[in-house]
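Please examine the sequence and the structure shown here before reading the explanation.

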Amino acid sequence: MEVIIVPDARAGGELIAEGIADLLWRKPDALLGVATGSTPLPIYEALIAKVRSGSVDASRARVAQLDEYVGLPAGHPESYRSTVLRQVVEPLGLSPDAFIGPDGSASDVQAACTAYDRELAAAGGVDLQILGIGTDGHIGFNEPCSSLASRTRIKTLTEQTRVDNARFFDNDIDQVPHHVITQGIGTILEARHLVLLATGEGKADAVAATVEGPVAALVPASALQLHPHATVVVDEAAASKLK
Ligand code: F6R
């Protein structure tokens with residue numbers, strides 16, 4: 001695992017967008033795995049700026065979703081499908097056909113999870129997976145104690161994660177779904193390159209446990225230590241508890 005400390009979130013976004021630009025130069029139809037939440041926004045903004053300035057050609061790029069709420073009506077603005085379309089797919093000028101994700105409104109959720117794992121494999125696997133990290137060390141929505149070998153499946157959000165995400169739902173925790181579909185840790189580890197961005201002091205404990213603690217289901221992000229090509233990009237605040 002390589003750890004790169006950058007001055008701030010903007011610099012982290014720029015660095016990772018540079019890495020994606022390199023990948024798209026080598027492999028124009030690369031499959032980019034994208035996370036949602038606040039942290040990756042500077043990555044998407046930097047990448048979109050490169051595409052708009054003509055320095056990066058992302059016209060053949062493909063995008064794969066990491067996770068999704070269960071039970072939000074199709075087209076809900078806070079579903080992760082809507083969010084990724086709005087923040088990544090549309091601004092990059094990609095067709096919705098270049099975008100795959102799990103179906104959070106399926107009547108048989110477990111079948112939708114299995115189908116998504118199959119779809120990821122059929123697409124050739126994720127080339128570069130962007131990850132954020134929860135204050136409790138989760139990646140995707142693999143909350144503490146998730147199996148490190150887990151596949152895409154339904155999970156129950158912890159109270160802490162629902163509190164953290166209430167800001168996307170008018171600060172009303174009652175509107176935050178209780179369940180999500182998430183790529184499992186085993187699924188995430190199949191991506192060829194994992195890039196985790198963590199910014200702000202609130203992530204400092206989770207970053208220290210991920211990078212310097214033992215590999216443990218209690219800290220799902222620590223599974224990155226098992227991956228042959230994992231990059232952790234942290235700003236100085238998120239790096240403040242590293243030894
Ligand atoms: C969401 C996801 C989550 C977030 C994490 C941090 O797709 O993968 O693991 O990355 O909850 O969220 P933010 O970035 O909003 O602090």
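This is a predicted model: local features need pLDDT of at least 70, side-chain atom pairs count only at pLDDT 80 or more; totals for chains, interfaces and linings use all residues.

Residues are numbered from 1 along each chain as its sequence is written.

The largest nonpolar core has 66 residues, and V63, V195, L196 and V207 touch the most other members. Such a core is a set of buried Ala, Val, Leu, Ile, Met, Phe, Trp, Tyr and Cys residues joined through C-beta atoms within 7 Å. A residue is buried if 20 or more other C-beta atoms lie within 10 Å of its own, exposed if 12 or fewer, and partly exposed in between, with C-beta atoms placed from the backbone.

Helix α2, residues 41-53, has 13 residues; helices are DSSP runs of H or I with at least four residues, strands are runs of E with at least two, and both are numbered from the N terminus. Its buried residues are P42, I43, Y44, A46, L47, K50 and V51. They pack against α1 (9-26), α3 (80-89), β6 (128-131) and β9 (193-198), contact being C-beta atoms, placed from the backbone, within 7 Å. Just after α2, G54 takes a positive phi of about 85 degrees.

Around the ligand stand 13 residues, of which A35, T36, G37, T39 and G132 come nearest; a residue is near if its C-beta atom, placed from the backbone, lies within 6 Å.

C145, although not a glycine, has a positive phi of about 85 degrees. This residue is exposed because 11 other C-beta atoms lie within 10 Å. D170 also has a positive phi, near 55 degrees, and is exposed, with 9 C-beta neighbours inside 10 Å.

Technical notes:
The expected span of a helix is 1.5 Å times one less than its number of residues. Two residues are in contact if their C-beta atoms, placed from the backbone, lie within 7 Å.
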